[in-house]
Amino acid sequence: MEQFALDALERLTTRPRETYETLAVEPLTPLLGAEISGVDLSRELTPRQEKEVKQAFLAHHVLVFRDQNLTPEDHKRFAELFGPLHPVALPAEGSDPYILEISADKNSREVAGNGWHADGTADPEPSLGSMLHLTRIPETGSGGDTLFANMHLAYDMLSPSMKTFLDGLTAVHDGARPWLAQGQTPPPEYDVPRTEHPVVVRHPDTGRKLLFVNAPYTSHIPQLSGSESAAVLGMLYEHIARTALLHCRVRWQPKTLTFWDNRCVQHHAVWDYYPHTRHGRRVAIDGTRPQA
Ligand code: SIN
């Protein structure tokens with residue numbers, strides 16, 4: 001591995017561990033994700049617990065809470081600690097506009113999120129993060145894991161020359177692309193978002209840089225020719241998908257809630273359990289416009 005990539009790793013693996021009084025925080029890898037215990041999300045958090053959950057979120061980007069008996073109201077109340085709820089883009093008739101049912105079974109032909117992506121990046125203000133609470137895991141007892149990838153580190157591990165090149169670029173994110181990729185057109189009631197964001201943005205809370213392009217939504221880099229844009233984006237997607245140390249993997253149990261920072265991680269829901277059933281509810285939180 002090149003020295004600049006080793007330096008990026010060393011900066012993370014040698015940082016001092018945060019301290020917690022009310023939570024136990026067990027990292028999933030030294031670079032991404034943590035299991036959190038010592039908190040019951042069906043109850044109101046104490047100010048100290050809330051502060052520590054927020055600290056762990058900024059430090060680890062993906063938090064996994066086990067054995068959480070949550071009603072939809074508990075789920076939304078916990079999410080609201082981080083900001084106003086982000087509405088579901090196309091809510092089903094009569095459903096809660098803030099709860100997205102994530103469901104797959106023997107009748108499914110596609111499942112949500114089965115490929116590396118961040119949520120809703122064609123929006124001018126993509127969500128801050130999502131909380132997924134699984135109520136049913138596949139009958140096989142395994143499968144249906146979700147993978148996450150650290151976009152800070154994806155940026156940090158690039159060469160200094162590549163970082164300088166990408167730093168000045170923007171990319172167009174087009175909400176029609178995920179539909180077209182499945183041979184569908186967006187429904188007429190969907191006001192299809194399309195937004196240009198910087199390719200490299202800063203996390204609004206920590207100021208750390210990160211790579212902000214993803215395969216389903218990003219159509220092109222307008223400062224480059226079509227073939228240059230496709231080559232650069234293809235290189236970045238391959239870097240994200242193939243660099244295993246960027247990733248962590250969440251194995252679900254019934255009643256697990258996972259909260260990820262949509263501003264700085266991508267995720268991939270692995271559909272390896274067909275024809276079995278997996279079900280959960282996802283609540284998202286409003287974000288802000290990504291800034292370079
Ligand atoms: C998604 O939000 O993309 C789905 C995540 C999952 O089902 O694990």
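Which residues do ring pairs link into a cluster? I found that ring pairs join F57, F65, F78, F82 and F259 in a cluster.

**Entry 1: basis.** I worked from a predicted model, in which local features need pLDDT of at least 70 and side-chain atom pairs count only at pLDDT 80 or more, while totals for chains, interfaces and linings use all residues. Residues are numbered from 1 along each chain as its sequence is written, and side-chain values use heavy atoms, with hydrogens and water left out.

**Entry 2: aromatic pairs.** I searched the whole structure and noted 9 aromatic pairs. Rings of Phe, Tyr and Trp (its six-membered ring) pair if their centres lie within 6.5 Å; planes under 30 degrees apart count as stacked, over 60 as edge-to-face and the rest as tilted. I looked up F57 and F82, which are edge-to-face, at 5.6 Å centre to centre and 65° between the planes. F57 belongs to helix 2 (residues 47-60) and F82 to the loop between helix 3 (72-79) and strand 4 (85-86), so this pair ties together parts 25 residues apart in sequence. Here helices (H or I, at least four residues) and strands (E, at least two) are DSSP runs, numbered from the N terminus.

I then checked burial, where buried means under 20% relative accessible area, exposed over 50%, and partly exposed in between (1.4 Å probe, protein chains only). F57 is buried at 2%, and F82 is buried at 15%.

I next took W179 and Y190, whose ring centres are 6.1 Å apart with planes at 50°, so the pair is tilted. W179 lies in helix 6 (residues 177-181) and Y190 in the loop between helix 6 and strand 9 (194-198), so parts 11 residues apart in sequence are tied together. W179 is partly exposed, with a relative accessible area of 23%, whereas Y190 is buried at 19%.

**Entry 3: charges over rings.** I counted a charge as over a ring if NZ of Lys or CZ of Arg is within 6 Å of the ring centre and within 35 degrees of the ring normal. K54 lies over the face of F82, 5.5 Å from the ring centre. The charged end of K163 is over the ring of Y155, at 5.5 Å from its centre.

**Entry 4: ligand.** I listed the residues around the ligand (a heavy atom within 4 Å); among them are T146, W260, H267, R278 and R282. A polar side-chain atom of R278 lies 2.8 Å from a ligand oxygen atom.

Technical notes:
A polar contact is a pair of N or O atoms within 3.5 Å; within protein, one must be able to donate a hydrogen and the other to accept it, and residues adjacent in sequence count only if both atoms are side-chain atoms.
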